[in-house]
Structure formats: C-alpha cells, structure tokens
Amino acid sequence: MSRSAHPAGPRHADLHEGHYAAPPSDLNVLDEKVWARTVTRSEDGVVAVGGIEVTRLAEEFGTPAFFLDESDFRARCRAWADAFGKDADVFYAGKAFLSRAVVKWIHEEGLNLDVCSGGELTTALDAGMPAERIAFHGNNKSTAEIERAVRVGVGRIVLDSFQEIVRVAHIAQSQGKRQRVQIRVTVGVEAHTHEFIATAHEDQKFGIALAGGEAAEAVRRALSLDGLELIGIHSHIGSQIFDMAGFEVSARRVVQLLADVRDEHGIELPEIDLGGGLGIAYTSEDDPREPHDIAKALHDIVTRECESAGLTTPRISVEPGRAIVGPTAFTLYEVGTIKPLEGLRTYVSVDGGMSDNIRTALYDAEYSVSLVSRTSEAEPMLARVVGKHCESGDIVVKDAFLPADLAPGDLLAVPATGAYCRSMASNYNHALRPPVVAVKDGGARVIVRRETEEDLLRLDVG
C-alpha cells in the first residue's frame, strides 16, 4: 500500500480548546466496547476478525464490505435468550439486518423473529423460520401482506390502526381462521439515548394513542370481532436507549390499560410487548447495559406495576435488533484521497459513503473509526471521514482522530455497523451495495453478495 507523505492536517493542539474531545493516548488501541468480540490487532497493527486479517479479507472480498462476526452474533442471541428465560419471548427485530443466514442463526439460537414487510416475511419463511415464531409489524401493511401472513400462520400481527383491526379480522374470517393479534399503543413516552420526554408524542405515525381513550376503544373493537384473538398490548418508546426510566413510565401506562380492560371486559390480557430500541456503543462515550440487567429491570418494572394494579404479571416480550447485530459487524473501507484544511480538519475520502451508511446524514449519528491495516506512531490529526458520493452531506464519521501519516491505500474500519447500514443501503449515484461477509473460526463466506453493474442494468428495462 502506498504511504506517500502528504501535507499534514491540523493537530488537536491547533483547535479551539474545548471544542473537540482530546485525542486518545494511543490510536492503535481498539476499544472493545465498540468492536465485535473476536476482533484483535496484531503486533504489526493489522486487525483481524474471526482469526482472519482485514488485509486478507480486503484482497478476497474487496471494499467497501461489511464483515460480520458470526460467533459474536450467536453469543448475543444466546445472552438475550438466557437473560429473559422461558417465561418471556425475545423477538429479533429483522429490520436491523436480515438475511437467510441470520434467520437460520436466530432460529438455531432459540429466538423469535419480528418482520415489518412482505420482503422480510418472505426471507424469514424461505430460510425456514416457523411461521408461529414470527411477529408482523407495520403501520400500513398491504392487503396482500396480511393475507399471506394469516395464510401461513404467523404467530402474531401487531395492529397499528382502527382500519387495520377491521382489515385483519375480515381477512382472517375469509380464511376461516382466528388470528392472534396485539394492539400497538402510543403511550406518550419517547426515549432516545440518555433522556426521555413524557409528553406530546402522540404526534407520530405509529400506534393508537392512549390519550383520549383511543387505545381502549381499539381493544373493544378487537374483542368484538370473531376473526381476532387479542393476546396483548404492544408499545415502543424509541431507539438507542440506555436509561430504563422511559420503560418504567411506559410500563405503568400499559399496565393501567390492562387493568382498565380487566375492569371493563372481565379478562386479563396475557402478554405485554415492550418493544426494542436498546442502545449499543458506537463510541467510547456510550455505555450500554447487559441483557441480564435489562431483563431484570423490565421484569421488576412490570411485576411491580401489576402487583400495584392487582393483575397477574403477563408474559413479557422484547424486540432487540440493533442490540444483537449492531456490535457484531464493521465496515471496511480503503482510503482514496486526503485533503487537509489548514486550521480546520483533514477530509479523508473512502470508497463507500452514504450509500452504505446513511445514518450519519439522516440521524446525525456518531461512529468510531480506526486505521486497521498497519500500526502508526504518528501524532493524531482531526479527520472527517467522507464518502465518494456527489453530496456534501456524504459523511461517514463526522469527527475522529486518525494518524497524521494516513495515506491513500490504507484500510479504515468503522465498527458497530451491523444494524441498519446494509438494511438502509441504497444505489445513490448508482453505487453498488456492499457484500456482507460472515467470519467465524478462520473461515469467511459471503451471506449477501456484492451488487454488480449487471444487477443495476437488469432492473433498468429501458
């Protein structure tokens, strides 16, 4: 790889004091919180995953590419299953990342699966996931999607509107079936990262609001229709959550609805789904909770609220997606051009960008990045890692410290990209979506292949 010198970018000493965090003491050290569990760095600085060095992976599979630590993925599935035990249900949220290989892994590790489109349902069924272990979400499921879900016997459909209550009931009756359903309610709590706001969040497209009695009316309608078997209430309060306080408020409000249902209808609904959104570490500043801590906290919250309301504690379901797959993968890029801006930062362009990670542009998400193809003793420079797309917002990592001797041909890796990056990937600028490569015990195999130009032209019928 070329390591020709280039004009150095600004160092941290040149920046306005306090505007950026101090650089790490050693850029060669990998923070285990943000990397997959089998990732290591050798004495010569080359990073490996599953026992295979990234330089070899780049030669075999090219860049950009997602490399997924299969052992880590399976271990996280087992950790969630063990944490919640046999008296609860863990649904892997397929929207985070789904492929036939992933479906097989979660099936083998004992998890259920949450899908939210016909395509995700097709992938799940094709890979052998039993339909009764699938939950079907979505705010606007098509008639065809519902007909298929009912026909194959999905374990639950989460109802998201009054129209959908009637629609699912009609379709189930037309097929001579009684479909198990939950009602998704909007509880007036939204949690993001370290804070939650308990007001004014009925203004969104998902769910049926508790406020004004709408959720109670949805329960009445679902209970009145022969084609439906109402098994519980579903809620989801946000994404990338670290603080459990939002769940406590949400659980209190959902349990109150369960108590109201008991008082009005004389029945106790047997299930409560608290959704997903549990956070992971994208940077060293993030501090995610372990599955056992989360399970205990949620169980204690629901049990306490049910005891207070005089209810039998329902069966709890959760839907981790990002929390399982997010930390298990990283994206590998090759450096193309480097542009130092005196007194500001150095722009480092890589061979991917917003077509393989839209989250930075879409959500202002923060990521880490490391030089992984060699070691470096150069002092740190403030860098912005950007993509190759014709868009000024094409940013992969907004601000990071990288070695000042970084050069074209070096390999950079962005950890914690297992969730949503490949799922939300696009063909912007007719980019070819990267492959996903599973790595385990010294072996690597493609589980989602790289797109080709022929793939693009095949869809362009002219």
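This is a predicted model: local features need pLDDT of at least 70, side-chain atom pairs count only at pLDDT 80 or more; totals for chains, interfaces and linings use all residues.
Local features need pLDDT of at least 70, and side-chain atom pairs count only at pLDDT 80 or more, while totals for chains, interfaces and linings use all residues. Residues are numbered from 1 along each chain as its sequence is written, and side-chain values use heavy atoms, without hydrogens or water.

**View 1. The largest pocket holds about 1,200 Å³ of space.** A pocket is an open set of points on a 1 Å grid over the protein atoms alone, where a 1.4 Å probe fits, with protein on both sides within 12 Å along at least five of seven lines. Its volume is the space filled by probe spheres set on the points, which are joined across faces, edges and corners. Lining residues have an atom within 4 Å of a point. There are 47 of them here, and Lys95, Gly238, Ser239, Arg322 and Tyr420 are the closest to the centre.

**View 2. The second largest pocket has a volume of about 790 Å³.** Its lining has 31 residues. Nearest its centre lie Pro24, Glu285, Ser368, Ala400 and Phe401. Strand 21 (395-403) gives the largest share of this lining, seven residues. Strands are DSSP runs (E, at least two residues), numbered from the N terminus.

**View 3. Three strands make an open antiparallel sheet in the order 1-2-3.** Strand 1 (40-41) and strand 3 (52-53) are at the edges; each has a single partner strand, so one side of each lacks a neighbour in the sheet. Strands pair if DSSP finds at least two bridges between them. Two bridges join strand 1 to strand 2 (residues 47-49). Arginine 41 sits opposite valine 47 in strand 2.

Technical notes. Helices (H or I, at least four residues) and strands (E, at least two) are DSSP runs, numbered from the N terminus.
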